[in-house]
Amino acid sequence: MTEQSSLLLRKQLAELNKNPVEGFSAGLVDDDDIYQWEVVVIGPQDTLFEGGFFKATLTFPRDYPLRPPKMKFITELWHPNVAKNGDVCISILHEPGEDKYGYEKPEERWLPIHTVETIMISVISMLADPNGDSPANVDAAKEWREDPTGIFKKKLLTQLELHKGI
């Protein structure tokens with residue numbers, strides 16, 4: 001599986017280099033390791049995240065695409081679906097199959113048809129429309145629900161000022 005996953009990831013990287021997708025850029029952390037990617041997500045227009053550049057890593061398992069990668073923001077990001085340590089928590093990155101808590105449908109979770117592009121489009125969508133019902137950062141979710149243009153926005157804008165044009 002390792003050789004197959006490596007070939008698939010190389011193909012996806014080549015495709016992204018040939019036809020970049022608006023909203024993010026992607027490359028390898030180290031040219032010798034196809035399983036460690038660095039991405040930069042550009043804050044979506046007309047959202048509180050507009051103007052931000054957010055660095056993250058994607059770490060792919062050797063049995064990709066059967067299992068999802070892990071995504072972690074390196075840039076500090078105040079967001080309901082990003083844990084305080086930077087781990088991204090969205091359905092598309094959850095292990096395939098049934099959700100033992102019954103919150104997610106199997107088709108909302110990881111499927112082997114997903115690519116780096118579909119992952120990143122989901123992350124950009126997550127920035128534009130956080131899911132406060134299933135938060136990785138409970139404090140950010142509470143502020144997002146109760147006062148999105150007040151204290152939540154103030155914390156986020158402070159971070160954006162620190163990370164503009166990384």
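Predicted model: local features only at pLDDT ≥ 70, side-chain atom pairs only at ≥ 80, totals over all residues.
Start with the aromatic rings. A pair of aromatic rings is described by the distance of the centres and the angle of the planes. The structure holds six such pairs. Take Phe60 and Tyr64 as one of them. Their ring centres are 4.9 Å apart, and their planes meet at 75 degrees. Planes over 60 degrees apart count as edge-to-face, so this pair is edge-to-face. Are these two residues buried or exposed? Phe60 and Tyr64 are both buried.

Now look at where they sit in the chain. Tyr64 is in the loop between β3 (53-59) and β4 (70-73). Trp110 is in the loop between β4 and α2 (116-128). The pair therefore ties together parts that are 46 residues apart in sequence. Which residues make up the aromatic cluster? Trp37, Phe60, Tyr64 and Trp110 form one cluster.

Leaving aside neighbours within four places in sequence, Ser5 is in contact with Tyr35, Arg62 and Tyr64. Its relative accessibility is 0%, so Ser5 counts as buried. Gln4 is in helix α1 too. Gln4, however, has a relative accessible area of 54%. The cut-off for exposed is over 50%, so Gln4 is exposed. How far is Gln4 from Gly102? The two C-alpha atoms are separated by 32 Å, and the residues are 98 apart along the chain.

How accessible is Cys89? Its relative accessibility is 23%, so Cys89 counts as partly exposed. Setting aside neighbours within four places in sequence, Cys89 contacts Asn81, His94 and Ala136.

Rolling a probe the size of a water molecule over the atoms shows where empty space is left. The largest pocket holds about 200 Å³ of space. Its lining has 13 residues. Asn81, Ile90, Ser91, Met126 and Asn131 lie nearest the centre. By class, the lining has four nonpolar, seven polar and two charged residues.

The second largest pocket has a volume of about 170 Å³. Cys89 is part of its lining, and so is His94. Others in the lining include Pro68, Pro69, Lys70 and Met71. What classes of residue line this pocket? Six are nonpolar, one is polar and three are charged.

End with Gly132. This residue is found in the loop between α2 and α3 (138-146). Beyond residues up to four places away in sequence, Gly132 touches Ala141 and Arg145. Its C-alpha atom is separated by 20 Å from that of Val41, 91 residues apart along the chain.

Methods:
Residues numbered from 1 in each chain as written. Heavy atoms only, no water. Phe/Tyr/Trp six-rings, centres within 6.5 Å; stacked < 30°, edge-to-face > 60°. Buried < 20%, exposed > 50% of the residue type's maximum accessible area, 1.4 Å probe, protein only. Helix = DSSP H or I, 4+ residues; strand = E, 2+ residues; numbered from the N terminus. Contact = heavy atoms within 4.5 Å. 1 Å grid on protein atoms, 1.4 Å probe; cavity = no way out; pocket = protein on both sides within 12 Å on 5 of 7 lines; lining within 4 Å. Points joined across faces, edges and corners; volume = space filled by probe spheres on them. Nonpolar A, V, L, I, M, F, W, Y, C, P; charged D, E, K, R; others polar.
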